[in-house]
Amino acid sequence: MASAIGILIARSADAHGKTQNARSIAVHSVHTRRIVKSAQNTSSCTSFRLLPLIASLCSVSLWRKKRSPLSRSSLAASDTENEHQTRFTAGTAGCTGLKGTKRMANVMTVASTASTFTGQTRRRKNSPSQIGRNADWTRRDLLLEIEKDVQELWEKEGAYQTDAPFEGKPEKYFVTFPFPYMNGKLHLGHAFSITKAEFAARFARLNGKRVLFPFGFHCTGMPIAAAALKLQESIKQRAGGEKNEDERDDEKERTESKEVEVMEKTFKGKKSKAVAKTGGLDQYDIMLALGIGEEDIPKFTDPKYWLEYFPPLAIQDLKRFGAAVDWRRTFITTDLNPHFDSFVKWHFQKLKAKYLANGKRQTIFSITTQQPCADHDRAEGEGVNPQEYTLIKLRVKEIPEAWDLEDTPVFLVAATLRPETMYGQTNCFVLPEGQYGLFRTKEGEIFVCSQRSALNMYYQDILEEKENSTSPRCLMSLSGQELVGLPLEAPLCQYSTIHVLPMFTISMSKGTGVVTSVPAEAPDDYICLRDWKTRANWRDQYNVKEEWCVPFEVQEILTFDGDGEDEASFASAPAVCEQMKIGSHREKDKLAAAKKEVYQKGFYSGIMNVGAYKGQKVADVKAKIKEDLIEKGEALAYFEPESKVVARSGDECVVALCEQWYLKYSDEAWTKRVREHVEGNFEMFSEASKNALSHAVGWLGDWACSRTFGLGTKLPWDEQWLIESLSDSTIYMAYYTVAHLVEQVKPEDLSEEVFDYVFGITETSPTSLSKELLVKMRKEFSYWYPVDLRCSGKDLIQNHLTMSLFNHAAVWEDSSLWPKAFYCNGHVMVNSEKMSKSKGNFLTLEEAISTYSADATRIACADSGDGLQDANFSTESCGKTILRLTNLQAWAEDAVKRLPDMRTGDLTFLDQVFSNEISTSVQNAHSAYSKMLFTDALRCVWYDLENLRSQYSILTNGDVHAKVIKFLLETQTVTLSPIAPHFCEHLWRKVLGKETLVVDEKWPEVSVDAFLSRQYALIQGSLRSFRLQLEKYKASGKRKKGKKNVASKNVAPTQAIIFVAKSYKPWQVEVMKVLQEVELNEDYEPVDKNFMGLLRKSINFDKQVMKQAMPFASFLMSKEVKTRGPEALELELPFDEAAMLRDLTEVIKSQLGVKELQIVTETESVEGFESQRDSASPGKPQIVFQTES
């Protein structure tokens, strides 16, 4: 039976392999495993009934392929059927048979495919169906072919190879992007962030700047080494037999089933970043899903092989994406690149003198790798730091005989952030079902706490170690219920004895599992103690004696600023709990809100009402009380991660006291210099980003920069240590400037003196190298530095970007060599969902390009959004973009052919208007590009210009001017080129017949006539208004015959009269004169929000006019001024409105479908229609329609 199922699936897979990558088959892992297991456990006859179902699971992609061409979209333009057959076979080799079927199901689950991420396996909604239901992907393939040709052209021309000039110093632009980590292929998230640097670099080039955009690849740190170790384990398990794999699959199925069950109860858990990306598979299956053949997978157990395999793939993908990168300057990190290795050592020699120190410090620590775990080494918990607690020692006064500890002192230990409140203790809480242990400290005492907290204490040198182990020695395990009732002596407590009580809401994943209770200042403690005091049935159920809780009253320990004299003290928690009507300590949400309010009040406003520091502010004595407790031996300092941290090696991290090298980012003088730079002319393009960076500069503390496991550069003076992955990548932008030259030097010759000279630290030229080469390298650095723009995801603000500024400040005293600008973007979602393999919407860069083309992907990235908010990449938009691009190409080709036959000579009014509007779009696009608002820039050069082209053709009835069309073609080709460079290069050379490269062109020089812009706005606004009135007229079914209205249905008018007013009414003029004096802010809003009150005092109208004046003023300010600015308050238009409309008589008649049109000014008389005439105002003409019988 097993082999039959395997053969059937293998045959189905083989059929797919001829046309489709293995990743195109998406089978839900849970259901597949259940079907296979069912087949295994049933009779032979019954099992064969399942074969068609299993086959259908494997055939779903083939069925979709027949339904839609989209399933072919995962094929790269250069891929052949045989190549895909080979790749499929490699990815699923050894997957025959029942257990092989399970393995293939795993691979299928994580595989991300074109058909999946466009909704192909579930719906056709997101497929680019605009191309046609039965159409093929000819349009997409055309774009891919164009891109291939253009990339070959750029390569031949060396389009992006840029050097410092021999003479002079023309304006330059140096843009960089944090090099991606090479533990896999580049994905859409990388691409989205890279486009920000890409668009900016290309735009700067169009503005005449000499542009450098280099790109390197990061390999330092733990992730690659950890993945290699995981792969070794996966291979070892497979070599151990299929039974191990079955057990692992069974466990995975149970886990996934449990997740489904939990989700059905709407109690969702957050997946870690690693789980979300991999779908929870082991490393072997992940490698299969990446398209790596089983015969090659063992090579990846050597971390160095990753560095050979993935960087070339990344370069290939980025070239296909059209990245304007000078690839001569690319490099990888770690000591496998001895030149860069020498650079990092030089960097750290510079840091050592002033900003490096060695010693023991609390650090997030991976137990598996036995070393600190920095941000880039984490699968979950990036940005999390050690949190310091005060560990309160609650002495057990009567030790149970069963514990057999003789006279050894025993303490329940509770971690608190508020040691000043210990004066108010009334009891201690434990979780009844929680598991606790007895652990011996190095001082010979016994601590009672959770296993998890004991592990933290062990690595902080508090607990005694177990022989030949990496965990503390546990003398005995107990449940929380077994601790209930223990009598305790608590430090600072006003009761001589308190007792242990149950609390059902304690988290064993935070703190020690022991909670010391201060009901005066902790809402949870107050409500829980109240429950035990008032609920006799609870006491009976959990064996809680009345004397353990009932006699204990709230001890008020703080007073607050503003309390009355008769209120000597005030217990915060009881008052807030009563106010919020909290009935039980199980009401977690209410208690969380109450806790936040009470804690903030206690710290910022609280005044001690008891103890040695009575009368002093909590904020002033909190640290002193903690120090007193520690000095007396009644407490000690204890650390935990602020929240859960999972290392890439898979283990949950602890806080350890580690001997290590660390960077002193807390140095006040160093911090001050960086803060002054940030608060100066440093550009972040958004206030939120600037605030986040400023906060990070002040918040960044000492940083552990040394490791013992992973890849990287060794500390030059202490080679037992590796430099961690964030610390070796803070000033490598300087290395880019000489990366293409430095390889001419032997690594051992790259001395500190050489780098000092090249990077402008000293003027003394070393004699060990060629003078000519040294001068050339120094010139490259001095020309390109500083970095003009660094683009990054927002998650790097808190570490890499801030550290980059600090390290520049450490190496170069001259702040003019520090980075000038950072741009940060949010994460990218796909079809409004977070991108992950488990959701089937994970896109590698290769897949995106092969499916939609590079330029359609780039346009979709530009259209996804800017700024710190998460962007949304729409696959449906990609499909529409393919259609729009190819339609634009077809129109451009046709327009160029028809140029000789188009109208020439003098430009008409409409020609001038539309040329001016094209110039306006170009000007607006320049502003948007400059501000890194690429969605707005795309709108200007893509959507707005397309709309102008359409409107121009409509309003001229197709009689367009050759000069305007040529101007539109050339302008759009150049201004769109930063976003869609391949397509624009093709238009420029192949359609427009230019001999230059569009990437070498200059931004169009345009001037905008404000009067023409206002006339165009008036034309379009008036036509919209006229059409609305036309629809109302038709719907009303009225026509005028003589002086009588005769009912008729949907009668089209034959005549129209437009009333035009040259000036406002006298009362309107008076109102507008007053409003002209109102001060406006940059958003054209009144600075004084009471401007209407001032207006009312400034005008003196009768009651009837006042009823019109106030709404008129409000409308002007809220609508017209808000939209158009001060020009909306001009008393007359700067042009003749009536004359303009008369010039457009034929256009208006054509648009409205009337035979006769009359333009009437306020000085001309027409019988009737007084209401419409009276409603007209400058820039707001009114129209009436008539129908002749």
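Which residues does L899 touch, not counting residues up to four places away in sequence? Select L899 and show its surroundings: the contacts are A962, I965 and K966. Keep in mind that this is a predicted model. L899 sits in the loop between α30 (875–898) and α31 (909–930). Now draw a C-alpha to C-alpha distance from L899 to A962. The two are 63 residues apart in sequence, yet 5.6 Å apart in space.

**Loop stop: M580**

Go to M580. Find it in the loop between α18 (572–579) and α19 (588–605). Is M580 buried or exposed, or something in between? Its relative accessibility is 25%, so M580 counts as partly exposed; the buried class ends under 20%. Leaving aside neighbours within four places in sequence, M580 contacts K590, A593 and A594. Take K590 from that list. M580 and K590 are ten residues apart along the chain, and their C-alpha atoms are separated by 7.4 Å.

**Loop stop: T334**

Select T334 next. It lies in the loop between α13 (303–321) and α14 (338–355). At 1% relative accessibility, T334 counts as buried. What does T334 touch, not counting residues up to four places away in sequence? Colour the contacts: C219, T220, L307, F340, D341, L711, G712 and T713.

Select residues 706–707, 714–715 and 718–723. Three strands form an open sheet here, in the order β21-β23-β22, with antiparallel pairing. Which residue of β23 stands opposite L715? Pick D718; that is the one facing L715. In general, strands of a sheet pair through backbone hydrogen bonds, either parallel or antiparallel.

**Aromatic pairs**

Now show the aromatic side chains. The count comes to 64 aromatic pairs. Start with W346 and F755. Their ring centres are 5.7 Å apart and their planes meet at 40 degrees, so this pair is tilted. What does the pair tie together? W346 lies in helix α14 and F755 in helix α25 (residues 752–758), so the pair joins parts that are 409 residues apart in sequence. Check the burial of both partners. W346 counts as buried at 2% relative accessibility. F755 is buried too, with a relative accessible area of 2%.

Move on to F411 and F447. This aromatic pair is edge-to-face: 6.5 Å centre to centre, with 90 degrees between the planes. F411 belongs to strand β7 (residues 410–416) and F447 to strand β10 (residues 446–450); the pair links distant parts of the chain, 36 residues apart. F411 is buried, with a relative accessible area of 10%. F447 counts as buried at 2% relative accessibility.

**Charges over rings**

Stay on F411. Which residue has its charged end over this ring? Select K393: its charged end sits over the ring of F411, 4.8 Å from the ring centre. For a second example, select R778 and Y757. The charged end of R778 sits over the ring of Y757, 4.7 Å from its centre. The tour ends there.

Methods. Residues are numbered from 1 along each chain as its sequence is written. This is a predicted model: local features need pLDDT of at least 70, side-chain atom pairs count only at pLDDT 80 or more; totals for chains, interfaces and linings use all residues. Side-chain values use heavy atoms; hydrogens and water are left out. Helices (H or I, at least four residues) and strands (E, at least two) are DSSP runs, numbered from the N terminus. Buried means under 20% relative accessible area, exposed over 50%, partly exposed in between (1.4 Å probe, protein chains only). Contact means heavy atoms within 4.5 Å. Rings of Phe, Tyr and Trp (its six-membered ring) pair if their centres lie within 6.5 Å; planes under 30 degrees apart count as stacked, over 60 as edge-to-face and the rest as tilted. A charge sits over a ring if NZ of Lys or CZ of Arg is within 6 Å of the ring centre and within 35 degrees of the ring normal. Two strands pair if DSSP finds at least two bridges between them.
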